[in-house]
Amino acid sequence: MDPQGGHYLNKAAVLSGVGAARMCQLLLGCTTMALVAHSAGFSATYGTYCMFVWCFCFAVTLVVFTLDVTRLHGCMPISWDNFTVAFAMLATLMYVTASIVYPVYFLRSECPSEGCEVRNYRIAVTVCSSVCCFAYGAEVFITRAKPGHVVGYMATVSGLLKVVQAFIACIIFGALANDSEYNRHIPTQYCVVIYSLCFAVTVVVVALTVSGRTSSLRFPFDRFVVIYTFLAMLLYLSAAVVWPVFSFDKKYGTPGRPEDCPRGKCPWDSKLVIAVFTCANLVLYFTDLVYSQRIRFVSHSAA
């Protein structure tokens, strides 16, 4: 028997803080799916989204945990540390939205027609999903960049913000597809181009980082990221001005929400969501730019 055989398993993947966080994620994710499948139930687009989040995050977490324990992640042609922290950040955001969407559309103070037991199951689903947000957030907190430690780009504030920016862009796209009437004016179509362009480049930046291919590029990747972040901030600044004007100004749109607008299918609601998250992404790109400049300054000083 090979005396070194035990080293094929990574005990730190189980006994470390990250390992504990991942085991909690698996336990809570499995419990959430079981509760939904058993009695809580789901329906329509919003319920399908929540179920997708819980299944997707559980499946990827199980793969990550298994590969980490067996050390097989070394066979993957990716930057493992960048991938795991990027996924943990994404899973945190997805769980937060699911933990908000599910009770909003499926939980009421009074008992549904199926009975009070169904309501209790739905409360349990909401609690498990909400607690799981903290489990994924704990992994991000543990693996984030710390002073004096060499980490991958995705573990830095700038890298984590890239994930948040892309996720918020997805929320904007969802609102655009939900009767936002963006095609009524050319300036609002211009805003859609901005959202699409910035989302595409952000995804490319994350993909290049996770794939570990940044060192093979023929241009300085860090400088490209800073320049892109600056341009994206300017583009989002213009969208943050243009979209509200052509959506809520009396000349082009409706300042207030129409009284006869149905819940979930109201163009005014979609326009408001887009306006709010446009401003949110503007703030994120500005913060990203400031942090990126600070990182460059510190590294130059240390040299």
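The axes of helix α2 (residues 17-40) and helix α3 (residues 44-70) come within 9 Å of each other and cross at roughly 145 degrees, where axes are lines fitted to C-alpha atoms, for helices over the stretch in contact, and angles run from 0 to 180 degrees between N-to-C directions. The model is a predicted one, in which local features need pLDDT of at least 70 and side-chain atom pairs count only at pLDDT 80 or more, while totals for chains, interfaces and linings use all residues. Residues are numbered from 1 along each chain as its sequence is written, and side-chain values use heavy atoms, with hydrogens and water left out.

**Exercise 1.** Determine the handedness of the crossing of α2 and α3, and the classes of the residues in their contact.

*Solution.* α2 passes α3 in a left-handed crossing; a crossing is left-handed if the near helix is turned anticlockwise from the far one by less than a right angle, and right-handed if clockwise. Next, list the contact (heavy atoms within 4.5 Å): the residues of α2 include Gly-19, Arg-22, Leu-26 and Met-33, and those of α3 include Trp-54, Phe-58, Phe-65 and Asp-68. Finally, sort the residues of this contact by class, which gives twelve nonpolar, five polar and two charged, where Ala, Val, Leu, Ile, Met, Phe, Trp, Tyr, Cys and Pro count as nonpolar, Asp, Glu, Lys and Arg as charged, and the others, Gly among them, as polar.

**Exercise 2.** Describe how α6 is placed against α4, and then against α8.

*Solution.* Begin with helix α4 (residues 80-106) and helix α6 (residues 157-177), whose axes come within 9 Å and cross at roughly 40 degrees. That angle makes α4 oblique to α6, since angles under 35 degrees count as roughly parallel, over 145 as roughly antiparallel, 65 to 115 as roughly perpendicular and the rest as oblique. The crossing of α4 and α6 is right-handed, and the residues in contact include Met-89 and Leu-93 of α4 and Val-163 and Phe-167 of α6. By class, the contact of α4 with α6 holds ten nonpolar residues, one polar and no charged.

α6 passes α8 in a left-handed crossing, with Lys-162, Ala-169, Ile-172 and Leu-176 in α6 meeting Val-225, Tyr-228, Thr-229, Tyr-236 and Trp-243 in α8.

Terms used: Helix = DSSP H or I, 4+ residues; strand = E, 2+ residues; numbered from the N terminus.
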